Each structure stands twice: as C-alpha cells, then as structure tokens.
Amino acid sequence: MSDMDAILQQFELIEKKVDDVVQVRKQLKQENEELHQKIGQLENLIQEKIEAEKKHEELTALVRAKIDSLIGRLEGVTEK
C-alpha cells in the first residue's frame, strides 16, 4: 500500500467519523426538541392542576362559610 493509499484511507475513516458525529448530533437535537415540548406540556399540566386546586379550595371555603352560616342560624333558632 502506498503512502497515498494510506492517506486516502485515513481521510475516508475521518469522513465516516464526521458523518457519525453529524448523525448523532441530529438525533440529539431531535431528542432535545422533544424533551422541550414535553417540558412545556408538563408545565401546562401543572398550571392547570394548580388552578383546579385553587378553585377547589375556594369552593371548600365557600361551602364552609355557608354551613357555618346555617349552623349559626340554627343555633339562633334553638336559643329562642
């Protein structure tokens, strides 16, 4: 094998490695984009759950206030 053949063979090997790196980079970029989308979806889901919990707490407070009011009225009626 001549020096020229050895050099060409080394360049072919380097080209293959560069191609592999480029392919892996594309794959990682795609995976990264998918993960960012998933993060966005999860953040939205968390926000929806926070809002639902807040509404539930408000409803619970309203129900408690109504019940306390009714109990107060009943106590007033029984005391008379």
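Is Val22 buried, exposed or partly exposed, and at what relative accessibility? Val22 counts as partly exposed, at 40% relative accessibility, where buried means under 20% relative accessible area, exposed over 50%, and partly exposed in between, with a 1.4 Å probe and protein chains only.

Before going on, note that this is a predicted model, in which local features need pLDDT of at least 70 and side-chain atom pairs count only at pLDDT 80 or more, while totals for chains, interfaces and linings use all residues. Residues are numbered from 1 along each chain as its sequence is written, and side-chain values use heavy atoms, with hydrogens and water left out.

**Whole chain.** Select the chain, whose secondary structure comes to 1 helix and 0 strands, helices being DSSP runs of H or I with at least four residues, strands runs of E with at least two, both numbered from the N terminus. The radius of gyration is 34 Å, well over the 12 Å that the globule rule gives for 80 residues, so the chain is more spread out than a compact globule; the radius is taken over C-alpha atoms, and the rule is 2.2 Å times the number of residues to the power 0.38. Along the principal axes, the C-alpha atoms fill a box of roughly 115 × 10 × 5 Å. Of the 80 residues, 0% count as buried.

**Nonpolar patch.** Next select Ile7, Phe11, Ile14, Val18 and Val22, which make a nonpolar surface patch of about 440 Å². Patches of this kind take residues with over 30% relative accessible area and no salt bridge, joining nonpolar side chains (Val, Leu, Ile, Met, Phe, Trp, Tyr) within 5 Å; the areas come from the Shrake-Rupley method with a 1.4 Å probe. Val22 has its place in helix H1, which covers residues 3–79.

**Salt bridge.** Now show the side chains of Lys16 and Asp20, which meet in a salt bridge at 3.1 Å, N to O, the rule being a side-chain nitrogen of Lys or Arg within 4 Å of a carboxyl oxygen of Asp or Glu. By this rule the count comes to 1 salt bridge. Being 4 residues apart in helix H1, Lys16 and Asp20 are separated by about one helical turn. Lys16 is partly exposed at 47% relative accessibility, and Asp20 is partly exposed with a relative accessible area of 37%.

**Further along.** Finally, select Gln37, which lies in helix H1 and is exposed, with a relative accessible area of 54%. Draw a C-alpha to C-alpha distance from Gln37 to Glu58: the two are 21 residues apart in sequence and 32 Å apart in space.

How values were computed. Patch = residues over 30% accessible without salt bridge, like charges linked within 9 Å, V, L, I, M, F, W, Y side chains within 5 Å.
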